[in-house]
Amino acid sequence: MRSTAGSTTRTGAAMRPEPGDRIRRFGPVQRAVHRATGWLMLVCLVTAACLYFDPLAQLVGRRHLVAAVHEWSGICLPAPFLLGLFSRSFRADLQRLNRFAVYDRQWLRAVRGRRHSPQARPAGKFNAGQKLFAGWIAGAVPVMMFTGLLMWFLGLLPFISRTSAIFVHDGLAWLITIVIIGHIRMAYRDPEARLGMRTGYVSTAWARRYHSRWMGPEREGPALARASDNEGDAPEVRYSRAR
């Protein structure tokens with residue numbers, strides 16, 4: 001007989017999670033926001049490359065259409081994030097990303113010291129690198145939108161020259177490209193993290209090993225733990241036991 005999800009006993013004895021057990025890491029809202037933002041960012045970068053490099057521009061053609069797609073994808077870029085704010089679990093994850101704990105500083109010191117063991121790099125639901133990446137992107141996107149609007153609507157702010165807006169926009173676009181390539185590279189090296197974003201579930205062993213502060217008794221502060229429990233965002237164990 002199969003045990004049900006969340007069961008903790010079996011014939012009076014405590015049932016321990018097996019290696020095949022999974023826990024919920026992300027709900028459908030978080031995954032949808034991440035996926036939609038990723039696609040919009042990809043469209044922005046691809047169309048920007050087609051506008052920036054002459055060989056690509058000649059290959060693709062239809063410059064006005066490419067420019068329109070680039071402009072509107074940039075305008076729509078914050079939309080998934082804003083829609084996600086209606087979700088309590090999404091807002092709880094934003095609080096986690098916005099809080100830098102003592103163990104996050106330890107994680108960064110371990111990175112600088114090239115110490116790779118999970119014990120040297122404690123993390124909550126998100127590690128310090130993910131928090132820095134999220135904060136950097138959250139700051140870069142509004143700047144890109146602002147400078148893009150200055151380039152789109154000439155004379156919007158006469159005291160800021162279009163040349164200055166182009167310089168900031170292009171320079172920041174290169175930085176965003178480099179950072180996103182680094183983000184994809186890190187994700188490629190961690191199949192379990194990609195599985196969590198794709199399906200919402202990760203293995204308990206991976207979570208305990210690399211995100212001990214999320215799985216452990218100290219779940220990133222009492223307030224966040226209570227919020228997660230009330231919103232159904234607490235780690236939900238799926239047991240995979242043989243018949």
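## Aromatic pairs

Tyr52 is partly exposed, at 46% relative accessibility (buried means under 20% relative accessible area, exposed over 50%, partly exposed in between, with a 1.4 Å probe and protein chains only). Phe53 is likewise partly exposed, with a relative accessible area of 36%. The model is predicted: local features need pLDDT of at least 70 and side-chain atom pairs count only at pLDDT 80 or more, whereas totals for chains, interfaces and linings use all residues. Residues are numbered from 1 along each chain as its sequence is written, and side-chain values use heavy atoms, with hydrogens and water left out.

The whole structure holds 8 aromatic pairs (rings of Phe, Tyr and Trp, the last by its six-membered ring, with centres within 6.5 Å; planes under 30 degrees apart are stacked, over 60 edge-to-face, the rest tilted). Tyr52 and Phe53 form an edge-to-face pair, 5.2 Å centre to centre with 80° between the planes. Ring pairs link Tyr52 and Phe53 with Trp174 into a cluster.

The pair of Trp206 and Tyr210 is tilted, because the ring centres are 6.2 Å apart and the planes stand at 45°. These two residues are 4 apart in helix H10 (residues 204-210), so about one helical turn separates them (helices are DSSP runs of H or I with at least four residues, numbered from the N terminus). Trp206 is buried at 8%, while Tyr210 is partly exposed at 38%.

## Charge over rings

Arg25 lies over the face of Phe126, 5.7 Å from the ring centre (CZ of Arg must be within 6 Å of the ring centre and within 35 degrees of the ring normal). The charged end of Arg25 also sits over the ring of Trp214, at 5.3 Å from its centre.

## Nonpolar cores

The largest nonpolar core has 10 residues, including Met41, Leu77, Ile137 and Ile180 (a core joins buried Ala, Val, Leu, Ile, Met, Phe, Trp, Tyr and Cys residues through side-chain atoms within 4.5 Å). Helix H7 (128-152) and helix H8 (162-188) each give two or more residues to this core. Apart from it lies another core of 5 residues, among them Ile23, Val202, Ala207 and Trp214.

Among the 31 residues that line the second largest pocket, Ala48, Leu51, His70, His169 and Asp170 are the closest to its centre (on a 1 Å grid over the protein atoms alone, a pocket is an open set of points where a 1.4 Å probe fits, with protein on both sides within 12 Å along at least five of seven lines; lining residues have an atom within 4 Å of a point). H8 gives the most to this lining, with 8 residues.
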